[in-house]
Amino acid sequence: MTTTVTTPGGTAGPRAARPAPSAPALLRARRWLGRNALRIYGAVAFAYLFTPIAYITVFSFNDGGRSNLVWRGFTLKNWANPCGAPEVCSAVGNSLKIGITATLIATVLGTMVAFALGRHRFRGRTATNLVLFLPMATPEVVLAASLLTLFLQLAPIGIQLGVTTIVIAHVMFCLSFVVVTVKARIAGLDPRLEQAAADLYATEWQAFRRITLPLVAPGIAGGALLAFSLSFDDFIITNFVSGNVNTFPKFVYVSAQRGIPAQAYVIGAFMFFLALTIVLVADIVRRRRAPK
Amino acid sequence: MADDTGGDLHLRDVTKSFGTFTAVDDLTLTIPQGSFFALLGPSGCGKTTTLRMIAGLEEPTAGSITLGERDITHAKPYKRPVNTVFQNYALFPHLDIYENVAFGLRRRRAKDVDKQVMEALALVELPHLARRKPGQLSGGQQQRIALARAVVNRPHVLLLDEPLGALDLKLRRQMQIELKRIQTEVGLTFVHVTHDQEEAMTMADTVAVMNNGRIEQMGAPSELYEAPSTTFVANFLGQSNLVTGRRIAADAEAVTVLCHGQTLHVPVSRCGTEDVDVLLGVRPEKIHLGGEAQEVAAGLNSFAGGIVSDASFMGVSTQYLVRLPWGQDLTVFAQNRGIGEQYPVGSRVTLSWEPAHTFALAGDATAGVESDVAVPVG
């Protein structure tokens with residue numbers, strides 16, 4: 001943070017010219033505030049953003065018993081035994097399974113859609129763009145209700161509410177996000193690079209594999225991470241279409257009514273620090289590769 | 001790939017249309033093996049499209065392209081022994097310089113990749129940059145790498161699409177010499193597309209001037225300059241003075257033309273038209289400027305009664321604009337050899353030149369003048 005913030009009390013002139021010792025206290029306070037306002041504002045903003053996370057982290061060490069609302073003392077037993085509360089780990093396991101499956105399907109499909117939209121002109125291209133945007137714009141609870149209706153219609157042909165329906169629903173809303181992310185990356189890609197590859201004896205597949213894919217990869221990875229976090233996080237749609245399958249958000253929601261076990265806080269804090277670690281590692285790798 | 005028989009590159013009746021727009025119109029062209037061939041023309045004349053058809057990046061609407069005995073009209077770009085230096089270089093940003101240069105060799109599973117890559121980098125004098133990424137190189141260095149990446153494959157034909165367009169003047173001059181050296185060294189056929197007439201003339205053995213999808217004239221640079229066959233070429237390659245006239249007589253050697261009351265002669269071999277109405281042309285540096293009273297030697301073409309309307313001293317020469325009695329300005333370049341007289345603005349002068357430096361053309365006097373040669377794009 002720089003100290004170039006203009007002081008409201010004085011001019012931008014040389015400091016020595018100011019009669020500093022005789023300045024009244026009020027003026028001095030104003031000047032101090034002027035110089036530090038940005039820092040204070042930043043600190044408040046970060047506090048606002050991170051208080052809930054700090055709270056979760058701290059309370060994951062709480063020796064809380066059934067309800068984890070009041071601080072009763074420090075313990076490591078929640079971290080030592082994250083599966084201690086009934087159903088926590090099976091719910092997390094379901095969430096991971098669903099998240100990974102939905103992410104894989106949505107990423108592959110979304111990348112293909114993005115290439116079609118970004119690289120080709122065809123009938124219905126504009127319409128496709130619009131349709132892809134709709135799931136992002138539609139209120140989630142409306143989507144959830146209509147998906148439930150749809151899946152109930154499908155029951156006679158053997159599709160029961162459960163992991164399959166959750167995955168189908170998650171792929172549906174993740175797809176748009178993957179398409180948008182990957183498409184942005186493709187739009188920034190010079191089509192002449194592929195032509196240059198073809199000119200240098202690369203077949204269509206080799207040009208894609210060696211040139212296009214590596215260059216679009218950051219977009220695909222970004223889309224996949226977004227899809228996973230959306231899927232892992234989702235409560236509303238999942239709650240409608242899951243039948244009796246439990247996921248982590250559903251577990252937390254249900255247990256909130258009778259006291260959330262500390263293990264949920266452990267999982268939450270763990271997910272946060274895992275994501276943080278991934279971001280940091282990615283950043284370090286990127287810096288290492290960047291020009292010296 | 002260089003060991004199977006190469007041969008000349010032939011384009012026969014090649015046409016390329018984009019919708020209703022004809023970019024290349026019935027083009028027939030032979031580019032001899034080992035030559036440095038330039039396609040010169042203003043932007044939008046179809047030169048880049050022609051190049052892309054040779055590379056296989058566009059498919060001709062009609063006609064055929066053959067390389068030696070082999071018909072490559074519809075061959076995929078990666079199946080042609082042809083490589084391109086792209087206008088913006090199109091280096092692969094995620095691969096380092098070494099891998100960029102090795103790309104073509106690896107795709108063809110060539111042996112001695114390392115040796116060949118280092119040789120190509122040595123040819124462009126940048127072997128020390130092998131492990132850098134393209135983004136870390138200057139424009140001139142990227143240009144050389146793009147060249148190395150193409151040359152390393154020893155294609156039969158190397159295509160260069162305005163390769164020097166993005167470089168500043170000094171670097172461009174340097175690269176012109178460099179390109180010419182490399183071409184002589186590796187002995188490949190170079191097809192160079194440019195809008196810069198000076199670049200085309202300094203580098204190429206043969207220049208084809210293109211306009212509106214057709215070739216206006218093709219030949220050695222000096223031939224095009226000294227004896228342009230169309231007004232477009234006369235104006236696009238250097239500057240020309242074109243004066244309207246009427247053919248009044250002709251014998252076995254010379255055609256006599258009446259220009260604004262003055263009888264002028266042009267050799268039959270330099271008369272490109274049978275029409276009665278002709279345009280007589282002469283290059284500005286061929287004209288001799290004399291004082292009003294000065295006698296013009298017998299047998300020279302001349303215009304009397306000119307008034308100097310502008311004189312710009314340019315160091316090696318002085319560029320005069322001379323207003324003739326019928327209101328037309330002719331350009332004259334006078335060498336500063338320190339022996340001729342300087343003529344200030346307002347001086348009355350007589351212009352004279354050798355009939356052998358005169359050429360006669362049909363058509364529109366303004367075709368190809370600088371003002372309609374737009375700044376080049378893509």
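## Close-up views of a two-chain model

**View 1. Strand β15 and its partner in chain B.** Strand β15(B) is joined to strand β19 (residues 348-353) of chain B by four bridges, and the two run antiparallel. Strands here are DSSP runs of E of at least two residues, helices are runs of H or I of at least four, and both are numbered from the N terminus. Two strands count as paired if DSSP finds at least two bridges between them. Look for Leu289(B), which stands opposite Leu351(B) in β19(B). Before moving on, a note on reading the labels: residues are numbered from 1 along each chain as its sequence is written, while chains are lettered from A and ligands numbered from 1 in the order in which they are written. This is a predicted model, in which local features need pLDDT of at least 70 and side-chain atom pairs count only at pLDDT 80 or more, whereas totals for chains, interfaces and linings use all residues.

**View 2. The open sheet around β15(B).** Five strands of chain B, in the order β15-β19-β16-β17-β18, form an open sheet with antiparallel pairing. At its edges stand β15 (288-291) and β18 (329-335), each with a single partner strand, so one side of each has no neighbour in the sheet. Ignoring direction, neighbouring strands are turned by 45° against each other on average; the axes are lines fitted to C-alpha atoms, for helices over the stretch in contact, and angles run from 0 to 180 degrees between N-to-C directions.

**View 3. Strand β14 of chain B and its two partners.** Is strand β14 (residues 277-282) of chain B largely enclosed or left open? Five of its six residues are buried, so the rest of the structure largely encloses this strand. Buried means that 20 or more other C-beta atoms, placed from the backbone, lie within 10 Å of the residue's own; exposed means 12 or fewer, and partly exposed is in between. β14(B) pairs in the antiparallel sense with strand β11 (residues 241-250) over six bridges, and Gly245(B) stands opposite Val278(B). With strand β20 (residues 359-361), β14(B) forms three bridges, again antiparallel, and here Leu280(B) faces its opposite number, Ala360(B).

**View 4. A covered helix in chain B.** Helix α1 (residues 47-55) of chain B is mostly covered, with nine of its nine residues buried. Among them are Lys47(B), Arg52(B) and Ile54(B). Just after this helix, Gly56(B) takes a positive phi of about 95°.

**View 5. Where chain B touches chain A.** Here 17 residues of chain B are in contact with 16 residues of chain A, a contact being two C-beta atoms, placed from the backbone, within 7 Å. On the chain B side, β6 (82-85) and α2 (97-107) each supply at least two residues. The largest share, three residues, comes from α2(B).

**View 6. An exposed leucine in chain A.** Leu276(A) is found in helix α11 (residues 262-289) of chain A. This residue is exposed, with 11 other C-beta atoms within 10 Å. Leu276(A) and Ile168(A) are 108 residues apart in sequence and 29 Å apart in space, C-alpha to C-alpha.
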